[in-house]
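This report describes how the chain shown below is folded. Please keep the sequence and the picture side by side while reading.

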Amino acid sequence: MLFDTHAHMDDRAFDDDRGELLSHLPEAGIGLLMNPGCSLDSSRAACALARKYDYIYAAVGSHPDAAAEVNPQVLEEYRALVRENPKVKAIGEIGLDYHYEDVPREIQKEAFRAQMALAAELDLPVIVHEREAHCDGMAIVREFPTVTGVFHCYSGSPDMAKELVSLGWYIGFTGVLTFKNARKALEVAASLPLDRIVLETDCPYMSPEPFRGKRNDPGKLYRMAQALAALRGLSEEDVQRLTLENGRRLYRI
């Protein structure tokens with residue numbers, strides 16, 4: 001059984017076949033799924049899916065692209081969603097993204113800090129999106145020593161991953177593990193303690209080989225498990241068991 005620890009099933013890419021796909025995922029080996037929010041609206045949708053499907057859990061938060069929406073009223077709505085639904089297990093997807101910089105860096109950092117503080121207040125883990133913002137991302141993480149969680153779709157260095165693990169964090173890997181040119185991700189995945197690795201699709205994005213260029217979905221998570229098994233000299237069954245346990249521990253399920 002696999003745990004897709006990061007899947008955007010509320011994304012409009014699934015509008016035409018969401019119900020059919022979600023009804024069949026358990027048959028495809030997906031035992032648990034975490035659907036993080038990317039905005040207030042997305043967080044509400046994630047919570048609705050968690051209410052409807054036993055195996056789906058939710059996180060609430062504003063992605064760096066939606067950082068400008070973060071204010072006291074939005075944070076209070078996130079508190080309410082957590083109070084109302086015991087299947088909300090994390091604050092996320094939050095963080096920093098300096099690749100496109102659609103939102104100014106200072107606004108991103110302010111929103112990241114506010115949501116890290118919310119996680120500390122609610123005693124919840126966080127799901128961090130960090131792209132080309134390694135120094136600022138780590139600096140903010142260090143400001144909140146009681147908050148841990150996962151750096152999803154990890155793109156940092158082995159040394160940064162080592163520090164995160166030492167602080168109690170998990171590292172999430174996507175279909176990048178199957179890419180021929182993914183030297184850095186493979187180096188990190190090869191060196192981490194096995195009890196700190198989780199697998200994710202980040203669907204509808206990041207499709208693994210041989211599905212690159214097509215819409216991703218949780219049914220393709222087995223490819224990440226196969227890649228990690230080959231990299232670490234384990235059986236696929238061992239990888240499934242270990243990463244399922246890690247995901248449960250991460251989200252306290």
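Two strands are said to pair if DSSP finds at least two bridges between them. Helices (H or I, at least four residues) and strands (E, at least two) are themselves DSSP runs, numbered from the N terminus. By this rule strand 1 pairs with strand 2 (residues 30-36) in the parallel sense, over 3 bridges, and the bridge partner of Asp4 in strand 2 is Leu33.

The model is a predicted one, in which local features need pLDDT of at least 70 and side-chain atom pairs count only at pLDDT 80 or more, while totals for chains, interfaces and linings use all residues. Residues are numbered from 1 along each chain as its sequence is written, and side-chain values use heavy atoms, with hydrogens and water left out.

**The sheet**

Strands of a sheet pair through backbone hydrogen bonds, either parallel or antiparallel. Here 8 strands form an open sheet with parallel pairing, in the order 1-2-3-4-5-6-7-8. Strand 1 (2-4) and strand 8 stand at the edges with a single partner strand each, so one side of each is left without a neighbour in the sheet. From one strand to the next the twist averages 25°, where axes are lines fitted to C-alpha atoms, for helices over the stretch in contact, and angles run from 0 to 180 degrees between N-to-C directions.

Towards the end of this order, strand 6 (residues 149-151) runs parallel to strand 7 and is joined to it by 2 bridges, with Phe151 standing opposite Ile171 in strand 7. The chain passes from strand 6 through helix 6 (residues 158-166) to strand 7 in a right-handed β-α-β crossover; right-handed is used if, with the strands pointing away from the viewer, the path from the first strand over the helix to the second runs clockwise. Strand 7 also pairs with strand 8 (residues 197-199), again in the parallel sense, over 3 bridges, and the bridge partner of Ile171 in strand 8 is Ile197. Strand 7, helix 7 (residues 183-191) and strand 8 likewise make a right-handed β-α-β unit.

Buried means under 20% relative accessible area and exposed over 50%, with partly exposed in between (1.4 Å probe, protein chains only).

**Helices and cores**

Helix 4 packs on the sheet and touches strand 4 and strand 5 (126-131), its direction making about 160° with that of strand 4; contact means heavy atoms within 4.5 Å. Helix 5 (residues 134-143) lies across strand 4, strand 5 and strand 6, and runs at about 140° to strand 4. Helix 4 (residues 105-122) also packs against helix 3 (residues 72-84), at an angle of about 35° and with the axes 11 Å apart. On the helix 3 side this contact is made by Leu75, Tyr78, Arg79 and Val82, and on the helix 4 side by Ala114, Gln115, Leu118, Glu121 and Leu122.

In soluble globular proteins, nonpolar side chains tend to be buried together. A nonpolar core is a set of buried Ala, Val, Leu, Ile, Met, Phe, Trp, Tyr and Cys residues joined through side-chain atoms within 4.5 Å. The largest one in this model has 69 residues, and those with the most contacts inside it are Met9, Ile91, Met116, Val126, Phe151 and Ile171. Apart from it lies another core, of 13 residues, including Phe3, Ala59, Ile127 and Leu250. Which residues does Met116 touch, not counting residues up to four places away in sequence? They are Ile94, Val126, Ile140, Val141, Phe144, Val147 and Trp169.

**Backbone details**

Most residues other than glycine have a negative phi, and most peptide bonds are trans.

| Item | Feature | Value |
|---|---|---|
| Gly92 and Glu93 | cis peptide bond | omega about 25° |
| Glu209 to Pro210 | cis peptide bond | omega near 5° |
| Glu101 | positive phi | phi about 55° |
| Met206 | positive phi | phi near 60° |

Glu93 is found in strand 4 (residues 88-97), whereas Pro210 lies in the loop between strand 8 and helix 8 (222-232). Glu101 is placed in the loop between strand 4 and helix 4 and is partly exposed, at 36% relative accessibility. Met206 lies in the loop between strand 8 and helix 8 and is partly exposed, with a relative accessible area of 27%.
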